[in-house]
Structures are given as C-alpha cells and as structure tokens.
Amino acid sequence: MHLFDKEVRFSCSGIVGASFPQAAGAAFAFKYRGEDNVAVAFAGEGAANHGTFYETLNAASLWELPLIVVVEDNMYADSTPKNMALATPHHFQRAMSLNVPSYLVDGMDVIDVYLATRKAVQRARSGGGPSLIEAVTYRFRGHFEGDGQEYRERDEVEVWRLMDPITRLGNRLTKLGVEKERLEERRRRAREKVDEALKFAEESPYPEPSTALTGVFR
Ligand SMILES: Cc1ncc(C[n+]2csc(CCOP(=O)(O)OP(=O)(O)O)c2C)c(N)n1
Ligand SMILES: [Mg+2]
C-alpha cells in the first residue's frame, strides 16, 4: 500500500482519505515556489466521505492551489455500496458548494478522462485553482483476493465488464485506423512488463524484520 517513487513523483498510503491533504501540500509548495507543476489526488468515493475531502477542497479553493482531485467512484467502499454511505450520488455537488468546478466523466473511457484532465491542468497552471474530476467507474474483482463478494450480484459485474476501458480504447483506436498488429504489440509489451515485475517481486527476498520501523514516525 505504501508505494513511493521520487523519480516519477508518485506516492500513496494505506490511509484512506490521506491523498487529499497530501496533494494539497504539494500544490501549495508548487505555488509558493512559483513552479508550474500540478498536484493530483486520487481517491475512491468512500475516501471522499472523509473530512479531509472537504477541508482540502475548501483550502485549495480559497488559496487557488494547482490541484486536481480525482474521485474514482466505483460504487463500493470495500463491501459498502455507495448508496448506504453517501447522501448524494454526485461528488460535484459537494465541490460546487466550495466554488470548485467539476467534470463528471465516464471513468471507463480513457479519452473522456484525458480531455477533462487536460482542461483541469490548464486551469491549475493558469492560476485558476483546483478542479474536481468525478470518474464513474467499476471494480471488476473483489476488494481483495479471496473476497467472497456476497454484497453484489454476478450479473452486475458482467454488465460493467461490457464497458471494459481497455477493450473500448482498443475498439476506438481500430476505428481510427490503428492496425491490429500495433495494438497486439502494445498488449504484448504491457504483458511482458507485468510478468517481469511479478518475477522480480517473487524472486526478491523478504525484508529484514529489523527494518520494519525504518523511516516510520514514532
Ligand atoms: C482511515 C482508514 N479507514 C479505513 C481503512 C480501511 N479501508 C481500506 S480500503 C477501504 C475502502 C475504501 O473505499 P473507496 O474509497 O471507495 O476506495 P476503493 O477501494 O473503492 O478504490 C477501507 C474502509 C483505511 N485503510 N484507512
Ligand atoms: Mg470505491
């Protein structure tokens, strides 16, 4: 859960709802130093019920921070369906109250997500402040491997599978004239990368127990 890569400027934590203030902190630093970077916080719809969501949007809007908040609304927080935890189906309604403009996008459509993101980045870079991207999406697999998934119908999963974003992007590219071989080559390269990463993980030794608290605040 706690992935961090300084080179690609990516980090995450197992604390649900933590990404909002962390990204806002980065956005504050970018603005303070006069850099044209943009910070992006990704979180689920469950995470967007944390106080950190409102607190961050309020401060970021007030201070016009170069921040994009992406809510990946996949209808479930672990096993809790969204309608049992959210008083409104839409996150943009909440952002509106804090003067943060939003894009409601088809989160299963890469191009739709890209176009909204591009606008949000432009807004952030031009000093316009934060934006919210509400991406409607779905989780095909369980919340964890071995999840019995008693909380949903098999049919529901199958319906969403028809909207698989990778298949849809492939279909769209084919329509635009991209040759089948080129797409197949991309798929092969992606599979290779994943296989390599898996092999690396499986062949890596376990860390020394004595390092468990290295770099941890105490
Ligand atoms: C502060 C905190 N509370 C609870 C958890 C346990 N937990 C892990 S994932 C999860 C559900 C998150 O749901 P959502 O934000 O919708 O993200 P999704 O898993 O759907 O991407 C919960 C409650 C946690 N990791 N951190
Ligand atoms: Mg979710």
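1. A nitrogen atom of ligand 1 lies 3.1 Å from a polar backbone atom of V16. Keep in mind that this is a predicted model. At A47, a polar backbone atom is 2.8 Å from an oxygen atom of ligand 1. Ligand 1 taken alone exposes 590 Å², and the protein buries 61% of that.

2. Where does ligand 1 sit? Its place is the largest pocket. Around ligand 1 there are 13 residues. The closest are G14, G46, A47, N74 and Y76. Sorted by class, the shell holds 5 nonpolar, 6 polar and 2 charged residues.

3. Now the metal. Which protein atoms are donors to the magnesium ion, ligand 2? They are OE of E45, OD1 of N74 and O of Y76. These donors lie 2.1 to 2.2 Å from the ion. Along the chain their spacing reads E-x28-N-x1-Y. E45 is in the loop between strand 3 (39-44) and helix 2 (51-62), while Y76 is in strand 5 (residues 76-77), so the pair ties together parts that are 31 residues apart in sequence.

4. Last, check both ends of helix 6. At its start, a side-chain oxygen of D164 reaches to within 2.8 Å of the backbone nitrogen of I166. The helix covers residues 165-175. G177 follows helix 6, and its phi is positive, near 100°.

Key: Residues are numbered from 1 along each chain as its sequence is written. Chains are lettered from A and ligands numbered from 1 in the order in which they are written. This is a predicted model: local features need pLDDT of at least 70, side-chain atom pairs count only at pLDDT 80 or more; totals for chains, interfaces and linings use all residues. Side-chain values use heavy atoms; hydrogens and water are left out. A residue is near a molecule or strand if one of its heavy atoms lies within 4 Å of it. A polar contact is a pair of N or O atoms within 3.5 Å; within protein, one must be able to donate a hydrogen and the other to accept it, and residues adjacent in sequence count only if both atoms are side-chain atoms. Accessible areas come from the Shrake-Rupley method with a 1.4 Å probe; for residues, only the protein chains shown count as cover. On a 1 Å grid over the protein atoms alone, a cavity is a set of points where a 1.4 Å probe fits but cannot get out, and a pocket is an open set with protein on both sides within 12 Å along at least five of seven lines; lining residues have an atom within 4 Å of a point. A molecule sits in a cavity or pocket if more than half of its atoms lie within 2 Å of its grid points. Ala, Val, Leu, Ile, Met, Phe, Trp, Tyr, Cys and Pro count as nonpolar, Asp, Glu, Lys and Arg as charged, and the others, Gly among them, as polar. Helices (H or I, at least four residues) and strands (E, at least two) are DSSP runs, numbered from the N terminus. Donors are N, O and S atoms within 2.8 Å of the metal (3.2 Å for Na, K and Ca); water is not among the atoms, so sites may look incomplete.
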